[in-house]
Amino acid sequence: MTGVEQATARTAHGAPVPRGIPEQRGTEHSRGDHTHGEPPAPRPRGTVTRSSVRGQVLDALRAALLCGDLAPGGVYSAPALGERFGVSATPVREAMQQLAREGAVEVVPNRGFRVTERTTRDLEELGEVRALVEVPVVLRLARTLAPARWADLVPLADAAGRAAASGDRARYAEADRAFHRALLSLAGNDQLVRVADDLHHRAGCPTTDLLADAAQHTALLEALAAQDLPAVQAIAREHVGGA
């Protein structure tokens with residue numbers, strides 16, 4: 001049994017979660033990493049599977065943002081978060097820098113990172129850009145791919161539906177991104193997939209009803225299989241444009 005498996009806590013639902021992420025602890029504190037008077041940082045949720053500590057921390061921070069454990073407007077320092085995750089401040093700082101590039105947090109000199117407060121207008125703009133990127137690609141795929149190809153995406157749509165039914169917003173956000181990555185990858189353009197995935201991260205978890213959002217995956221696949229281009233366009237635009 002690994003250290004991660006041994007160091008577990010219990011969630012409110014009784015499921016084991018890692019208390020920390022394995023890494024040799026350091027005592028580093030860089031200038032500006034203030035820890036006083038800030039809200040308590042969350043413990044990581046979910047099972048850690050990546051070999052990269054930075055990747056594990058990034059996943060945990062994204063989940064905390066989606067679940068509201070890191071509150072919009074709240075300021076958090078890398079050392080304080082590292083203390084909660086059981087790692088040094090370095091991987092936390094690196095993960096936060098990635099989140100800053102995605103617009104999820106912003107750097108606060110001499111204090112740490114502030115969670116971005118996205119307005120309704122911000123989400124609308126992100127949805128508009130996502131629609132401009134994704135909808136034309138989906139329409140092109142609808143015209144060029146054999147209808148049978150869409151059956152390969154049904155398991156991903158089903159997984160998103162199960163995640164929505166669980167009410168776990170972090171789990172649903174990842175299932176939703178997995179569906180869109182698989183869909184857009186059929187265009188054979190890796191740069192497109194990266195750009196769309198970055199926009200997806202920026203938009204976060206849909207603010208609409210998760211079950212309704214998940215149902216649009218299935219509806220889209222049915223329209224694609226039927227090569228119903230007007231329906232494909234309408235569903236895709238509503239799905240990504242609604243962010």
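I began with strand β4 (residues 105-108) and strand β5 (residues 112-115), which run antiparallel and are joined by four bridges. Strands here are DSSP runs of E, at least two residues long, numbered from the N terminus, and two of them pair if DSSP finds at least two bridges between them.

A note on what I am looking at: this is a predicted model, where local features need pLDDT of at least 70, side-chain atom pairs count only at pLDDT 80 or more, and totals for chains, interfaces and linings use all residues. Residues are numbered from 1 along each chain as its sequence is written, and side-chain values use heavy atoms, with hydrogens and water left out.

Back to the hairpin. I found V105 opposite V115 in β5. Three residues lie between the strands, and N110 takes a positive phi near 65 degrees.

Next I looked up two helices (DSSP runs of H or I, at least four residues). The axes of α3 (residues 78-85) and α4 (residues 89-101) come within 8 Å and cross at roughly 115 degrees; I note that axes are lines fitted to C-alpha atoms over the stretch in contact, with angles from 0 to 180 degrees between N-to-C directions. Which residues make the contact? From α3 I listed A78, P79, L81, G82 and F85, and from α4 A89, V92, R93 and M96. Contact means heavy atoms within 4.5 Å. The set divides into seven nonpolar, one polar and one charged, with Gly counted as polar and Arg as charged.

Last, I checked the whole protein chain: it has ten helices and five strands. Of its 243 residues, 44% count as buried (under 20% relative accessible area, 1.4 Å probe, protein chains only).

How values were computed
Buried means under 20% relative accessible area, exposed over 50%, partly exposed in between (1.4 Å probe, protein chains only).
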